[in-house]
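Please look over the sequence and the structure below before reading on. The report that follows goes through a few parts of it in turn.

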Amino acid sequence: MGLEFNTETFRNDFTFKNSPRAIKRFPFPFDRDDYMYSVNMEPHVPGRPGSVFEHMFDVDEHYVAEMRDRALVLADDPLRCQSLPHMTLAGWDLLELIMESKARDYPHWFELHKNGNHWHWINRPLEIEQKFTFLDETTLPCGPMEYITRQAQGDFTLQDQRDDNLWIEAGMVTTQADWSLDFDIGMSFHEWHAPVPKAHQMGVFDRALKFLLKLQHGAPVRRFNWTMTVDPLLDTSPENYPKWGPTKATLTPDNIGHRQHLRVELQTLHRLPRSNAIAFPIRCYLIKFEELVTIPKWARRLHRVVRDIDPELATYKGFLRNRDLMVQYLSQFDDGAPTSPGWWPDE
Amino acid sequence: MTKTFFEPSIRSRPVYGELTPRAGRAHLFVADGEGAEAVCDMIAKAGADAPALLARSHIIYMPGPFGSDLTARLQALGAAQFHRSPSFGAAQSRLRKVLADAHMGLQVYLAGTETLIGLAMREVMEAGLPPEAVQTEHRGSLSRRVQCVHCKGITENVTTDPFACSHCGLNLFVRDHYSRRIAAFQGVNIDAEDPGQVPAAVERFK
């Protein structure tokens, strides 16, 4: 495999697009024709070859462009990456997890050589080579969490565990679905999830917390979340909402296929060995409606999900104002035929 | 002013109790405005123990955001130390010193507006006191301290929703989402999607 990374943008001229291969491996999040909250966690074990589940951390054709976009976001707003002082050890844990996983799963792109605590990291796609001393912050250009998450797709948060609760106390958050790390940092599990409607009353967060407190090292889990985004904008932050909010009012039947994106988060949870913290990578995948409808099963199913979704959820996810337009567009691709169970495309 | 009733809300929104006398080696009260009444009510509840409790008490008091000032009533309790401050900001260094000097067994009582309770609670937590040593009671104005999520500026004493950020001028709606670290509610631009379409301000936090 060669270095096949797209030259593309997630802002201004928005040249992002998915190749046919990327469309086929897109993590379509709906395993049935309707949607409601659930804890929906499953073991994060290696999945089908070629799928986004094949490796611990998926590296795809958008890698280099996404890392460039992250650097732009951070230059504009350094508060997107924060770590409370006691979270540095968890940052090292995360660095180790990512470096070891990538070097193991993508040896042609990444190499990690260890001689005791003297480590040598090579990242070919980003043309980075770094010799440093593991657990010695002075040997890296920035903190360990920031260092490694500038080289890893998706957002990352680190949760400290104490008092039978999880506390969000570090994070790299530049591709978020409209939540603010700067505001939420330091909150407990129920506090940072407080704005989510319905799920609290359903007991979703009580069950999820109970489950996560017992998460074991070496047994990561995963789940999906999703929302809708106009234009392939990774940085849908509340901070920048006045900049991207107006685009929601510019969708038309003619441009919706190209500009409306389904935004899927593949969320994984990993217990970290030294700090006992939990790492929470939130990997964002975007797909244009016009790309998604090339998979007939997904087109039929997304039409039904969007058409029948609880308006309160559509409001929270921020697409109620465009829902009718979406349904109208997607209905062209739904002949009413039954869909097969599960999320994989039909062969 | 009687105890405040709060509508049920989301889990990040703080809830407050009712001050109750507790055994302790020392007692620190921080109150503003009508919070003085909560302190007086608590001392009354202490009954025969009140003189001993007051002999180990330090009261820091400041007027409420809209001027209510019950200094005379609070001072008349006869606490070992009573300090009237013109504002929370002016009292901050004193509060930090008292917390830094605190020994095990200090009981903390915060009473008054959410802003006062939130700001004082932040100092108490940063000083490393155990949460179970702190009691809170809301009295007085419901006005809010709100952080603009866009420019990060904090607007004090917000009574209407929406309101204009005192720093960047954006029209913000006030969420119940609350950060203890910032001691503020979150304000989000209300007309981001449809610039200029700002609903009339309603007095929600009197």
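Helix H3 (residues 88–105) of chain A lies across S3 and S4 of chain A, and runs at about 120° to S3(A). Helices (H or I, at least four residues) and strands (E, at least two) are DSSP runs, numbered from the N terminus, while axes are lines fitted to C-alpha atoms, for helices over the stretch in contact, with angles from 0 to 180 degrees between N-to-C directions. Two residues are in contact if their C-beta atoms, placed from the backbone, lie within 7 Å.

This is a predicted model, in which local features need pLDDT of at least 70 and side-chain atom pairs count only at pLDDT 80 or more, whereas totals for chains, interfaces and linings use all residues. Residues are numbered from 1 along each chain as its sequence is written, and chains are lettered from A and ligands numbered from 1 in the order in which they are written.

## The sheet

In chain A, an open sheet of 3 strands has the order S3-S4-S5, with antiparallel pairing; two strands pair if DSSP finds at least two bridges between them. Strand S3 (110–115) and strand S5 (128–133) of chain A each have a single partner strand, so one side of each is left without a neighbour in the sheet.

Strand S4 (residues 118–123) of chain A is joined to S5(A) by 6 bridges, and Trp121(A) stands opposite Gln130(A) in S5(A).

## Between the chains

Across the interface, 18 residues of chain A are in contact with 19 residues of chain B. Helix H6 (189–192) and helix H8 (241–244) of chain A are the elements that give two or more residues to chain A's side.
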